[in-house]
Amino acid sequence: MVHASLWMSSVYELVKAYGLWVLFIGITLECMGIPVPGETVLVSAALYAGSTHRLTIGSVMLVAATVAVSRMILPLRTLYFEDLSVGMTETLSKTISSADVIGFAQLTGDRNPIHLSEHFAAKTSFGRRIAHGLYTASLISAVLGTRLPGPGAVYVSQTLQFRAPVKIGDTVDVTVIVAELIPERERARLTCICRVADEVVLEGEALVKVPSVAKSERPLPRL
């Protein structure tokens, strides 16, 4: 309890002295892949609002944005082929926002109104806007590239079977499982499943090439 009190006091004084810089640094470190406890940034945001008496829409939005960042960003983890075993599992949860879908449309050029126009979508069998199928699939890539196997892994192939639409506001739970290891080629086959609640919305199989400790000329950075 003494340590907790000292920590809270230190954070409070930092926030009073430096304001938004504490929040900015915390979020920046997370984006760089340097793990920062989500509670640190969240408490900083709350204390900033309280200590400065700025209980405004801006401070509320700041806390909300911080929650979204801390929940979405996966700390980087590098695994070599020798670290893998069949059955290893990694997960990711992401609530799909309108901003996510609009941003994906801007990046890819896929401006199909089923994704962007509520008026158009209301006249379809879906009844409302849905996320791009490949946006949901990209969440699988997020797991493969950051956690399992992580940095250094290279996509070889990916199969996808779209089972159901993902709508704005849905929370997608991604599960990636090591299904097979191919030692002679340093490749791993992974089962990939995306669910909304208990419904499978997307499933497939990824084949990735994974760096080997024995064959690496120089070690990958441990992030």
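Which residue in the turn of the β4 and β5 hairpin has a positive phi? That is Ala 197, at about 60 degrees, and the hairpin has 2 residues between its strands. Before I go on: this is a predicted model.

Let me stay with the strands. β4 and β5 run antiparallel and are joined by 10 bridges. One of the pairs is Arg 187 with Lys 209, the latter in β5. β5 also pairs with β2, residues 154–162, again antiparallel, through 8 bridges. There, Gln 161 stands opposite Glu 203 of β5.

Next, the cysteines. How many disulfides does the model have? The count is 0. Cys 192 is in no disulfide, and the nearest cysteine sulfur to its own belongs to Cys 194, 7.7 Å away. A disulfide here would need the two sulfur atoms within 2.5 Å, so at 7.7 Å the sulfurs of Cys 194 and Cys 192 are too far apart for a bond.

Now the core. The largest nonpolar core holds 32 residues, and those touching the most other members are Ile 96, Ile 140, Val 172, Val 174, Val 176 and Leu 190. Two or more residues each come from α5, α8, β3, β4 and β5. The largest share, 6 residues, is from α8. Take Val 176 as an example. Leaving aside neighbours within four places in sequence, its contacts include Ile 140, Val 143, Leu 144 and Leu 148, and also Leu 190, Thr 191 and Cys 192. Met 88, Thr 89 and Glu 90 are in contact with Val 176 too.

That brings me to α8 itself. With 14 residues at 1.5 Å a residue, α8 should span 20 Å, and its end C-alpha atoms are 21 Å apart, which agrees.

On to α5, residues 98–108. Which residues of α5 are buried? They are Asp 100, Val 101, Phe 104 and Ala 105. Seen down the helix axis, the buried residues of α5 fall within an arc of 135 degrees, so they line one face. As background, an α-helix has 3.6 residues a turn, so residues three or four places apart point the same way. On the face of α5 turned away from the buried side sit the exposed residues Ala 99, Gln 106 and Leu 107. Covering the buried residues of α5 are, among others, β1, α6 and α8. Just after α5 comes Gly 109, with a positive phi of about 85 degrees.

His 132 lies in the loop between α7 and α8. Is His 132 buried or exposed? His 132 counts as buried because its relative accessible area is 2%, and the cut-off for buried is under 20%. Outside its sequence neighbours within four places, His 132 is in contact with Val 101, Phe 104, Ala 105, Asp 110 and His 115. Three of those, Val 101, Phe 104 and Ala 105, are among the buried residues of α5.

Last, α6, residues 113–116, which contains Pro 113. Pro 113 is partly exposed, at a relative accessible area of 32%. From Pro 113 to Arg 129 is 16 residues in sequence, and 8.2 Å in space between C-alpha atoms.

Terms used. Residues numbered from 1 in each chain as written. Predicted model: local features only at pLDDT ≥ 70, side-chain atom pairs only at ≥ 80, totals over all residues. Heavy atoms only, no water. Helix = DSSP H or I, 4+ residues; strand = E, 2+ residues; numbered from the N terminus. Buried < 20%, exposed > 50% of the residue type's maximum accessible area, 1.4 Å probe, protein only. Core = buried A, V, L, I, M, F, W, Y, C linked by side-chain atoms within 4.5 Å. Contact = heavy atoms within 4.5 Å. Pairing = 2+ DSSP bridges. Expected span 1.5 Å × (residues − 1). Arc of directions from axis to C-beta.
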